[in-house]
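This report is written for a reader who has the sequence and the three-dimensional structure at hand. Please keep both in view while going through the sections that follow.

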Amino acid sequence: MNTVWWLSKTPWPKSNVSRVLAPYSDRMKKLIEDPDQFFRPKQRPSGHDIAKSFGKNNGGAIPPNLLTIANSESNGRYLSGCKTVEIKAHPARFPSKLPAFFIRLQTGPGDKVLDIFAGSNTTGEIAQCEGRRWLAFEERADYVASSAFRFLEKGTDFRDVFQRIRNGESLDLSDRQTRLQV
């Protein structure tokens, strides 16, 4: 288990839980279909007065505080590129659903996402897929170079791209609006 901290430079962050709603349970779906059969409005032992509107469909449930996300990616572009170039993949890759959750929760399209410990740059890839701009920093040139695999199209010479970035050449992947450099 890992602890994730998200910080804001303002007391009122742009957080919006409606962008990360979880699917309703089967029981909640039944309650929404026929509230009278499954729910009686009344005051709960906690003191909360739960009204009939509790059975309203809000598009999903507020996610729990404990996120359960498997780290099972085994055939994506990043790992495929590492195998092609015959290098070791970054040893501590995030599952893509982790940065996706926080990017959706904390930002809107066009916002900028910053990752100061980018590693294999899962965060940058997800930020771009979600329509956000991003900046990523990583001290190891080999990790920066291999992170390019996430943004390359099929048929690209992965070895050439890896070596060029590894050697300090700035590389614009203009069709993806991505620029990688050491």
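## Aromatic pairs

Phenylalanine 162 is buried, with a relative accessible area of 5%, where buried means under 20% relative accessible area, exposed over 50%, and partly exposed in between, for a 1.4 Å probe and protein chains only. The model is a predicted one, in which local features need pLDDT of at least 70 and side-chain atom pairs count only at pLDDT 80 or more, while totals for chains, interfaces and linings use all residues. Residues are numbered from 1 along each chain as its sequence is written, and side-chain values use heavy atoms, with hydrogens and water left out.

Rings of Phe, Tyr and Trp (its six-membered ring) are taken to pair if their centres lie within 6.5 Å, with planes under 30 degrees apart counted as stacked, over 60 as edge-to-face and the rest as tilted; by this rule the count comes to four aromatic pairs. One of them joins tryptophan 134 and phenylalanine 151, which are stacked at 5.4 Å centre to centre with 15 degrees between the planes. Tryptophan 134 lies in strand 4 and phenylalanine 151 in the loop between helix 6 (141-147) and helix 7, so this pair ties together parts that are 17 residues apart in sequence; helices (H or I, at least four residues) and strands (E, at least two) are DSSP runs numbered from the N terminus. Tryptophan 134 counts as buried at 16% relative accessibility, and phenylalanine 151 counts as buried at 2%. The rings of phenylalanine 149 and phenylalanine 162 have centres 6.1 Å apart and planes at 35 degrees, so that pair is tilted. Phenylalanine 149 lies in the loop between helix 6 and helix 7, and phenylalanine 162 in helix 7, so the pair ties together parts that are 13 residues apart in sequence. Phenylalanine 149 is buried at 0% relative accessibility, and ring pairs link Phe149, Phe158 and Phe162 into a cluster.

## The β-α-β unit

Strand 3 (residues 112-115) and strand 4 (residues 133-136) pair in the parallel sense over four bridges, pairing being assigned if DSSP finds at least two bridges between two strands. Tryptophan 134, in strand 4, is the bridge partner of valine 113.

Together with helix 5, these two strands make a right-handed β-α-β unit, right-handed meaning that, with the strands pointing away from the viewer, the path from the first strand over the helix to the second runs clockwise. Helix 5 (residues 122-129) is mostly covered, as seven of its eight residues are buried, among them Ile126 and Ala127. Glycine 131, which follows helix 5, has a positive phi near 80 degrees.

## Charged contacts

A salt bridge is a side-chain nitrogen of Lys or Arg within 4 Å of a carboxyl oxygen of Asp or Glu, and a search of the whole structure finds eight of them. Aspartate 160 and arginine 164 form one, with the closest N and O atoms 3.2 Å apart; both residues lie in helix 7 (residues 158-166), four residues apart, about one turn of the helix. Arginine 164 also meets glutamate 169 in a salt bridge (3.1 Å, N to O). Arg77, Glu125 and Arg150 are linked in a network of salt bridges.

Arginine 140, partly exposed at 37% relative accessible area, meets aspartate 142 in a salt bridge (2.7 Å, N to O). The charged end of arginine 140 also sits over the ring of tyrosine 143, 4.1 Å from its centre, the criterion being NZ of Lys or CZ of Arg within 6 Å of the ring centre and within 35 degrees of the ring normal.
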